[in-house]
Each structure stands twice: as structure tokens, then as C-alpha cells.
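Trainee: Hi! Could you walk me through this one?
Mentor: Happy to, let's look at it together.

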Amino acid sequence: MTIIRCSWANPLNPRYLAYHDNEWGVPCHDETTLFEMLNLEGAQAGLSWETILNKRDNYRAAFDGWDAEKIAAYDDAKVAGLLANAGIVRNRLKVAAAITNAKAYLALRAQGVTLNDYLWGFVDGQPIVNDWASAERPARTELSDRLSKDLSKRGFKFVGSTIVYAYMQGIGMVDDHAPDCICRTRR
């Protein structure tokens with residue numbers, strides 16, 4: 001039996017297939033994972049998602065399990081260590097963005113709002129299920145434009161509309177599995 005997946009899922013990379021089959025398009029409500037994915041999508045800017053996914057475990061170790069309080073307190077020595085860490089993307093702006101994002105996330109929490117409630121409020125708590133043909137799938141939408149703008153206003157970095165749309169797909173706010181993909185048929 002042939003298993004049909006979205007065309008972007010690299011069949012030669014078991015990590016990528018597991019991500020496609022078990023995470024992408026699946027609603028996520030875990031605060032740490034939501035924060036992790038926001039930062040990983042930002043780290044992906046200009047690179048392939050596969051590159052970031054292959055470094056995901058390294059990112060978790062380097063960024064203290066995505067503990068926002070620890071990340072917000074990083075000093076120059078920690079930043080230098082991150083920039084020397086070959087297991088992650090050593091880009092000064094992206095490392096700085098993770099620290100800024102931790103502070104913005106903590107500010108959101110200080111207002112009594114979880115990242116989960118904030119994000120899912122944009123879709124009334126229900127994922128948007130699209131029916132795009134692979135060639136029609138957009139890189140951004142009106143909704144990702146609005147969420148991107150609001151995240152930026154709240155101080156988050158590396159949250160342009162294209163990054164935010166990929167994030168929305170990754171955390172299941174949007175389900176863009178291809179019509180013939182095995183993951184779409186499991187609904």
C-alpha cells in the first residue's frame with residue numbers, strides 16, 4: 001500500500017516524516033511547544049524547515065528547554081556561547097530574537113494571557129481547515145497578516161506574515177494537508 005503525504009514531506013528523513021504525520025496541522029495547546037515553535041519558525045527564516053527540524057534537539061538543549069524565564073535572563077556570556085554552538089543556527093539576530101521573544105512572552109503572561117489563549121483566540125479556538133491544492137497553498141493570508149502585526153506590536157521578533165503562516169500551520173491553527181494526504185483522511 002502506498003502512503004500519500006503532502007509533497008513537501010521528505011520521505012528520506014524519518015524526523016521530517018514524523019513531524020508531518022504527528023505535528024504539522026495538529027492543534028497544539030502546550031505553552032512550551034507554542035513558544036518553541038514560534039522561535040524555531042523565526043530561526044527558519046531564509047533556510048529550510050528541514051534544516052531547523054534536524055537541529056531541534058540541539059535548540060532545546062541550547063535554549064534551556066525553551067524556558068522563557070531563563071532565556072529572558074541570558075547575558076552576554078550565554079549569547080556568546082549560543083553563537084559558538086554549531087548545533088543551532090548561529091545568527092546573532094535570531095539568537096537576540098529568541099531572547100526578545102521570551103521577554104515579550106513573559107509580558108503577555110504578566111497580563112494574565114497565555115500564549116495558547118492569545119493565539120487560538122484569532123481562530124475562535126478552532127483550526128481552519130483549508131482545501132488548497134499544493135500549488136495553490138499561500139505563503140501568507142489576511143489572518144497571518146493580522147497575527148503578525150499584533151505579535152510585532154507586542155514586541156515579538158521574526159514574526160513576519162510568511163513566518164507566522166508557517167507557524168500557524170505548524171501548531172495546527174491551520175490545517176493545510178493536501179486533499180489526498182493520509183493526514184487529511186484521518187480527520
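Mentor: We'll go through the cysteines, then a pair of helices, then a loop residue. This is a predicted model, where local features need pLDDT of at least 70, side-chain atom pairs count only at pLDDT 80 or more, and totals for chains, interfaces and linings use all residues. Residues are numbered from 1 along each chain as its sequence is written, and side-chain values use heavy atoms, with hydrogens and water left out.

Trainee: How many disulfides are there, counting cysteine sulfur pairs within 2.5 Å?
Mentor: The count is zero.

Trainee: Is Cys-181 buried or exposed?
Mentor: Cys-181 is buried (under 20% relative accessible area; exposed is over 50%, partly exposed in between, with a 1.4 Å probe and protein chains only). Its value is 0%, and Cys-6 is buried too, at 3%.

Trainee: New topic: at what angle do H9 and H10 pack?
Mentor: Helix H9 (residues 142-153) and helix H10 (residues 161-170) pack at about 110°, with axes 8 Å apart. That makes them roughly perpendicular (65 to 115 degrees).

Trainee: Which residues make the contact?
Mentor: With contact meaning heavy atoms within 4.5 Å, they include Leu-143 and Leu-147 of H9 and Val-164 and Met-168 of H10.

Trainee: And where is Thr-141?
Mentor: Thr-141 sits in the loop between strand S1 (128-129) and H9. Leaving out residues up to four places away in sequence, Thr-141 touches Ser-161 and Tyr-165.

Conventions
A disulfide is a pair of cysteine sulfur atoms within 2.5 Å. Axes are lines fitted to C-alpha atoms, for helices over the stretch in contact, and angles run from 0 to 180 degrees between N-to-C directions. Helices (H or I, at least four residues) and strands (E, at least two) are DSSP runs, numbered from the N terminus. Angles under 35 degrees count as roughly parallel, over 145 as roughly antiparallel, 65 to 115 as roughly perpendicular and the rest as oblique.
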